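Student: Hi! Could you walk me through this one?
Tutor: Happy to, let's have a look together.

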Amino acid sequence: EDVMPELSADLGFPLVQPDRNPTREELSRVHTDKYIDTAFEAFQQVSDGEPSVYLDSDTQVVEGTQDSAVRAAGVTLQAVEDVVEGRVRRAFVMVRPPGHHAESKTAMGFCVFNNILIGLAHAQAKYPDTIRKAALLDFDVHHGNGGQEGCDTDPNRFFASTHQAPLFPWKGLARETGVDLNVINVPLPKDSSPQDFVEAWENTILPKVKGFDPDIIFISAGFDAHPDDPLASLNIEEEHFGYVTEKIAHLANEVSRGCIVSVLEGGYDPHALGRCVKAHLTSLANVPEPSHEQLSREPSALASSSSSSSSTSQMLFTPEQLQAMDKSTLRAELSARGLPTSGRLDALRERLAQIRA
């Protein structure tokens, strides 16, 4: 069911189809050159007459795949630019194929390019003065392994997911916490209730997002946790997706001046998908714009710059001292102050740099 024209009229948001394709550089922020070459070679084989080419066991290139996959990434890039540059506050990118399973080196699970991660990387690369920290929130019924891979080792990226487990892609364990406690996975058993889903977001994930304080929030909006969907066994109805979306939008007003880019992922019952998209968009449209006070918050990049220039003398350790510390010394200093000691060397240094004398 095509719900978009009716919703556009009812909710008063513009419905646009931007003519935007990604450059190779924009793709390569997420995918390796070897994988990009593999994907475009498959596109060429189909263009030359091959009926289909498989990028992996689930992801098939056929006639039209190139246009759809390239356009999906490009439209996501345009949505990011429109949100960050203030033309809109929130954007929903309704594209297929989905993207959140695609990893840096491979296609996976119907996903050719990781649309949302390409958008997130673009936001940080193009707008370093306003977008330093980004959060990627995924409520698709399948774990967003590609999204987690792209955030896992970067302390300026936060990833969170609710997903059915065990289920494809057989990833997303609760014990996976990222380089700087910047990853949260909440696996939900088969037949989990809507209340389990809502509580995971309200009580576990969103408080951590607030503490991370991102400059922009991305939503991997998959709706295949709906009971009518054929690919899984959760029971999340459209009103529950709408409720969680509303909570995310209110949080975005608090921490990121309202900036949200939501990108469609899974959802394979067309009627249920239409209803879920309607609920999602209704929540995005109905949450009030950020207040003047919320809009006046400095982006973390500016706040960090201002803080570092004005209070370096109050830091417990100078940048030179931090650079001279090895991992065992950094961990000992963090442990002595009751702070987490897991993570890569740069994350440990950044954590210790936040301590003031």
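**Helices and cores**

Tutor: Let's start with Ser283, which counts as buried because its relative accessibility is 10% (buried means under 20% relative accessible area, exposed over 50%, partly exposed in between, with a 1.4 Å probe and protein chains only). Bear in mind that this is a predicted model, where local features need pLDDT of at least 70, side-chain atom pairs count only at pLDDT 80 or more, and totals for chains, interfaces and linings use all residues. Residues are numbered from 1 along each chain as its sequence is written, and side-chain values use heavy atoms, with hydrogens and water left out.

Student: Which helix is Ser283 in, and what is it in contact with?
Tutor: Ser283 sits in helix H9, residues 270-286 (helices are DSSP runs of H or I with at least four residues, strands are E runs of at least two, numbered from the N terminus). Setting aside neighbours within four places in sequence, Ser283 is in contact with Gly242, Thr245 and Glu246 (contact means heavy atoms within 4.5 Å).

Student: New topic: how many residues are in the largest nonpolar core?
Tutor: That core has 45 residues, and Phe43, Phe113, Leu136, Ile216, Phe218 and Val261 have the most contacts inside it (a nonpolar core is a set of buried Ala, Val, Leu, Ile, Met, Phe, Trp, Tyr and Cys residues joined through side-chain atoms within 4.5 Å).

Student: Which helix supplies the largest share of this core?
Tutor: H4 does, with ten residues.

Student: How do the axes of H4 and H5 cross?
Tutor: They come within 9 Å and cross at roughly 40° (axes are lines fitted to C-alpha atoms, for helices over the stretch in contact, and angles run from 0 to 180 degrees between N-to-C directions). H4 and H5 are therefore oblique to each other (under 35 degrees is roughly parallel, over 145 roughly antiparallel, 65 to 115 roughly perpendicular and the rest oblique).

Student: Which residues meet there?
Tutor: Among them are Ala69, Ala72 and Leu77 in H4, and Ile116, Ile118 and His122 in H5.

Student: Last one: where is Glu293?
Tutor: Glu293 lies in helix H10, residues 292-295, and counts as exposed because its relative accessibility is 64%.
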